[in-house]
Amino acid sequence: MRSWPQLRVDLTSPNFLMGSLRELAGYVACMNRLQGLAAHTPLDPELDVLVVAANGRLPRIGTTRWVRHVLARATYLSREAPVHTIVLRRRSGHFVMVDHPERIAAVIASVRSGVLPAHS
């Protein structure tokens, strides 16, 4: 995991800030498009869905409100296709692929090899 001083440097870089603004600016349009697709194009029941959620930067016993929301949405998706979930409990936030690239690489490798977590 990155150190807090390095995180501060990363988060204040112009590239990071511009990338974050682009992501936020496009979020609503992306979600609206996905909702439109979901209304007319169901998921392929032959393909499994994998939902990965990070549980936040602070150590905690349970899951965050955001993770509970993500898992609830995953349950909704399970009406259409098999859904698997992974909650990353190591300290990480929105950029888990930056905080723990080795963990994300392991998740990708497990999917590639056909080993998925149990259905949620």
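Is valine 51 buried or exposed? Valine 51 is buried, because its relative accessible area is 14%; buried means under 20%, exposed over 50%, and partly exposed in between, with a 1.4 Å probe and protein chains only. The model is predicted, so local features need pLDDT of at least 70 and side-chain atom pairs count only at pLDDT 80 or more, while totals for chains, interfaces and linings use all residues. Residues are numbered from 1 along each chain as its sequence is written, and side-chain values use heavy atoms, with hydrogens and water left out.

Start with the overall layout. The protein chain holds 5 helices and 2 strands. These are DSSP runs numbered from the N terminus: helices are H or I with at least four residues, strands are E with at least two. Along the sequence the pattern reads α-α-β-α-β-α-α. Of the 120 residues, 22% count as buried. Contact means heavy atoms within 4.5 Å. Among contacts in the chain with a separation of 6 or more, 71% join residues 24 or more positions apart.

Now return to valine 51. This residue lies in strand β1. Setting aside neighbours within four places in sequence, valine 51 is in contact with Val70, Ala74, Val83, His84, Thr85 and Ile86. Arginine 73 is 22 residues away from valine 51 in sequence, with 9.5 Å between their C-alpha atoms.

Valine 51 also belongs to the largest nonpolar core. A nonpolar core is a set of buried Ala, Val, Leu, Ile, Met, Phe, Trp, Tyr and Cys residues joined through side-chain atoms within 4.5 Å. The largest has 8 residues: Val49, Val51, Ala53, Val67, Val70, Ala74, Ala81 and Val83. Two or more of these residues come from each of β1 (49-54) and α3 (65-77). A second, separate core has 6 residues, including Ala54, Ile86, Leu88 and Ile104.

Alanine 81 is one of the residues in the largest core. Beyond its neighbours within four places in sequence, alanine 81 is in contact with Leu43, Asp44, Pro45, Leu47 and Val49. Glutamate 80 sits in the loop between α3 and β2 (83-88). Glutamate 80 counts as partly exposed because its relative accessibility is 26%. Residues up to four places away aside, glutamate 80 touches Pro42, Leu43 and Pro45. A polar atom of its side chain lies 2.6 Å from the backbone nitrogen of leucine 43. That is a polar contact: a pair of N or O atoms within 3.5 Å, where within protein one must be able to donate a hydrogen and the other to accept it, and residues adjacent in sequence count only if both atoms are side-chain atoms. Glutamate 80 and valine 49 are 31 residues apart along the chain, and their C-alpha atoms are separated by 9.8 Å.

Asparagine 55 is found between β1 and α3. Asparagine 55 counts as buried because its relative accessibility is 3%. What does the side chain of asparagine 55 reach at 3.0 Å? It reaches the backbone oxygen of glycine 62. A polar atom of the asparagine 55 side chain also lies 3.0 Å from the backbone nitrogen of threonine 64. Not counting residues up to four places away in sequence, asparagine 55 touches several residues, including Arg60, Val67, Val87, Leu88 and Ser92.

Then look at the empty space. Rolling a probe the size of a water molecule over the atoms shows where such space is left. The grid has 1 Å spacing over the protein atoms alone; a cavity is a set of points where a 1.4 Å probe fits but cannot get out, a pocket is an open set with protein on both sides within 12 Å along at least five of seven lines, and lining residues have an atom within 4 Å of a point. Points are joined across faces, edges and corners, and a volume is the space filled by probe spheres set on them.

The largest pocket has a volume of about 1200 Å³. Its lining has 28 residues, of which Tyr27, Met31, Leu34, Trp66 and Arg73 lie nearest the centre. α2 (14-40), β1 and α3 each give two or more residues to that lining. α2 gives the most, with 8 residues. The whole structure has 1 cavity of 30 Å³ or more. The largest cavity is lined by Leu88, Arg90, Ser92, Val96, His100 and Arg103.

Finish at helix α5 (residues 101-112). Its 12 residues should span 16 Å at 1.5 Å a residue, and its end C-alpha atoms are 16 Å apart, which agrees; the expected span is 1.5 Å times one less than the number of residues. Glycine 114 follows α5, with a positive phi near 85 degrees.
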